[in-house]
Amino acid sequence: MFEDQSDTLKEEGNVYFRKNDYISALVKYTEALCSNSRNPVLYSNRASTFLKLNSLENALNDCNQGLKLVTNKDKGSTYIKLLWRKSIALRRSGDLENALDTIKTALNVKPTSKELQHELEAVDYQMQKRNSKLSHVEIDIPNQGILQRNSDTLYIPIQEVQKIPTNFYSPEAPEDNEYIEDNPPEMKNQIKNQNEINAKRNLTTSSFPSSSNFEFDEVDFPLKPTVQFLLSLKDKPKEFNAKSYRYVIEIDPEHYCQIFGNSGIDPSFLNFMLDSTIYVLEKNQLDLKQKILNLFSMCTKLPRFSLTSMFVDTKTVNRLHFLFQERLNESFDNYWL
């Protein structure tokens, strides 16, 4: 009976997965595992879903759990898929050596698989790219051309100049700079429109309680932000972090209920909110204690929170356990699941 139920839930999850509705697929695979936790196929399917959602730690955990359930007599397609997905999770996490060992193990069983061969190529490419960065560096010195560093030896000719060449202090941001401008292009119109709305309603950043002694002046922080605005905060330059962190704690929990009440809180924003909490607690901004507690009480009541919380790194949870006890004299367990 339970196996029949888990098979039905698995098929429902597969339908959602093919529709790219990965959160719904995750729900169904998890429900299926609750009915039958000994089926390695379910762990393999859920690991694939976690990979789609870029939840690498959870994907790796499911692959390892599924591999434990595969018997030596049954090392067929499920075993291969679990190893393949484990390698992907390890590679994306930067653990290239273990990724290489894992994909080689899979290829020993099925050496003709194109998917496994492509994954081996991806691992090899990442390893070569990493090793190349460590062993070979090119430096462009004005009037000297490209100098190369091999191993740990670097030879640079010294030249006396009257002034520093402009190459060394170009005002333009480099192409690989993470933050080319203060606000991403897609946010400019939204911020402009929000400014106009706030001006009409006389809603300015001074509307925040003055007791916070915290000014939101570099960028407009609306009292009732959209989901898109909240998601954009994690992409702001680092100099905005202090204000962004406090800002998400200051927002009325009722507003979070309004924007996340149907779909549940976005995993990436949940992580940003937790980072914000860690920041304000580490900075001893204890005037926000009640707001923090209210915020966490609200989050646990949102739809699918138990699933969304699976995207949170265990290090973050452990840090919050410590800070809640140390700074707030509260047990984090009372506010988390």
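Which residues in helix 10 meet which residues in helix 13? In this predicted model, Val248, Ile249 and Glu250 of helix 10 meet Lys291, Ile292 and Leu295 of helix 13. The axes of these two helices come within 9 Å and cross at roughly 65 degrees. Because angles of 65 to 115 degrees count as roughly perpendicular, helix 10 is described as roughly perpendicular to helix 13.

The protein has 337 residues, of which 40% count as buried, and its secondary structure consists of 15 helices and two strands. Among contacts with a separation of 6 or more, 62% are accounted for by residues 24 or more positions apart. The accessible surface of the protein comes to about 20,200 Å², and carbon and sulfur atoms contribute 46% of that area.

In soluble globular proteins, nonpolar side chains tend to be buried together. In the present model, the largest nonpolar core has 38 residues. Within this core, the residues with the most contacts are Tyr256, Phe269, Ile292, Phe296, Phe324 and Trp336. Two or more core residues come from each of helix 9 (227-232), helix 10 (241-250), helix 11 (253-260), helix 12 (267-282), helix 13 (289-299) and helix 15 (314-328). Helix 12 provides the largest share, with eight residues. When residues up to four places away in sequence are not counted, Phe296 touches Met273, Leu274, Thr277, Phe324, Phe332, Tyr335 and Trp336.

Ser232 counts as buried because its relative accessibility is 6%, below the 20% cut-off. Its side chain reaches the backbone oxygen of Phe229 at 2.6 Å. Ser87 is located in helix 5, which spans residues 77-93. With a relative accessibility of 0%, Ser87 likewise counts as buried. Apart from neighbours within four places in sequence, the residues in contact with Ser87 are Ala99, Thr102, Ile103, Glu119 and Val123.

Definitions and conventions: Residues are numbered from 1 along each chain as its sequence is written. This is a predicted model: local features need pLDDT of at least 70, side-chain atom pairs count only at pLDDT 80 or more; totals for chains, interfaces and linings use all residues. Side-chain values use heavy atoms; hydrogens and water are left out. A nonpolar core is a set of buried Ala, Val, Leu, Ile, Met, Phe, Trp, Tyr and Cys residues joined through side-chain atoms within 4.5 Å. Buried means under 20% relative accessible area, exposed over 50%, partly exposed in between (1.4 Å probe, protein chains only). Helices (H or I, at least four residues) and strands (E, at least two) are DSSP runs, numbered from the N terminus. Contact means heavy atoms within 4.5 Å. A polar contact is a pair of N or O atoms within 3.5 Å; within protein, one must be able to donate a hydrogen and the other to accept it, and residues adjacent in sequence count only if both atoms are side-chain atoms. Accessible areas come from the Shrake-Rupley method with a 1.4 Å probe; for residues, only the protein chains shown count as cover. Axes are lines fitted to C-alpha atoms, for helices over the stretch in contact, and angles run from 0 to 180 degrees between N-to-C directions. Angles under 35 degrees count as roughly parallel, over 145 as roughly antiparallel, 65 to 115 as roughly perpendicular and the rest as oblique.
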